[in-house]
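The stops below cover helix packing and strand pairing.

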Amino acid sequence: MDTTKQCRGDSCLTTRELQQQFRKMKRSEMHPKLLFHVSDVQQDQENACCTHVEVALLTTGTFSPHHVTVRRSYAHFSCFHRQLKTEFGEELEGVELPGPRLCGWGRELQDYLSCAFVVCGHSPLFVRFLTEQERALAGVLIRAGRYADALEQLDAVLAVHDKLLPWQRQSGTRAVPTLAAMAVCHCDLGRPREALATAQRALPPVRRYGMRRYRAPLLRLLVEVGHSLGRPVARLQEELTVAEDGRPASSPSLKEVVLADFAD
C-alpha cells in the first residue's frame, strides 16, 4: 500500500491520490469545447436584415482543431433565435440576439452563440440552422444532376455534423441522410470506391438505430458496388435478403430515398 504523502497546508495526500487528482485535472482540460468565431461581417446599410456574417466553428480538446465555416444573414439568425425561444423559453432568459447595428456586433454575436449553445447545444435546431441552406442547395443540385457541385454542399453539411457530434442527442442518426446522398453522388459520378466507403460509414448507425427506411436501399448499393469492385458481399447479400423480407421489388433504391429526403 502506498503511504507516501505530500502535504499542502493543512492537508496530506498520498501519491496515489495525487496521481488521481492529476488525471482528473487533465481530463477536465481535454474535455472538448465548441467555440464560435465571427470572421467576416458584411453590413447592408439599407436593410439590416440582409447583413451577412461568416461564422467559424472550432473545437478545443481531443477533437479535430480544424474549423468549419458557415455564412448566414441576420434574418436567419433572427428566425433561429425565435425558434430557440419557442423551444426553450425561460431557459434562455438573458440570452438575447444583438442588433445588427450594434458597434462590435461580431463580438456580441460570438458571445450570443456561445451562451445559446451552453443551453441549447443538444437541440436539433442548432444542426438545422448550421446546415439547412447547404442541404437545400444540395437537393436542388442532385435533382439537376450536378453531383460534383452537390458533393461540395454535402461535404459542408457533414463537416458541421462532425463538429457537433459530441453534443448532439441521437447524433449517430443525423449524418445518415447526408452520407446516403454522398454515396449516390459518388455512384453517379462513376466513383465506386468513394461510394462504397461512404455507404459503409452510413451502415453502422442504420443498423444500430433501426433506420429501416435506409437499410435495404443502402445494403443493395453496397452489394452492387462491392460486387463491381470484386469485394466479398455474401454476408451483405444475406442481410439484404432479410431486410427486403422477400419483397425486393417493393424496396426503393437509395437514390429514390435520397430524392425524397431532399425534396423540401
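Start by selecting V176, L179, M182, A183, H186 and C187 in helix 7, then E194, A195, T198, A199, R201, A202, P205 and V206 in helix 8; these two sets meet (contact means heavy atoms within 4.5 Å). The residues of this contact divide into 10 nonpolar, two polar and two charged (Ala, Val, Leu, Ile, Met, Phe, Trp, Tyr, Cys and Pro count as nonpolar, Asp, Glu, Lys and Arg as charged, and the others, Gly among them, as polar).

This is a predicted model, in which local features need pLDDT of at least 70 and side-chain atom pairs count only at pLDDT 80 or more, while totals for chains, interfaces and linings use all residues. Residues are numbered from 1 along each chain as its sequence is written, and side-chain values use heavy atoms, with hydrogens and water left out.

Now show the whole of helix 7 (residues 176–188) and helix 8 (residues 192–208): they pack at about 155 degrees, with axes 8 Å apart. Axes are lines fitted to C-alpha atoms, for helices over the stretch in contact, and angles run from 0 to 180 degrees between N-to-C directions. The two helices are therefore roughly antiparallel (over 145 degrees).

Next, select helix 9 (residues 212–228) and helix 11 (residues 254–261), which pack at about 135 degrees with axes 8 Å apart.

Finally, go to strand 3 (residues 33–42) and strand 4 (residues 52–60), an antiparallel pair with nine bridges (strands pair if DSSP finds at least two bridges between them). V41 stands opposite V53 in strand 4.

Definitions and conventions:
Helix = DSSP H or I, 4+ residues; strand = E, 2+ residues; numbered from the N terminus. Parallel < 35°, antiparallel > 145°, perpendicular 65-115°, else oblique.
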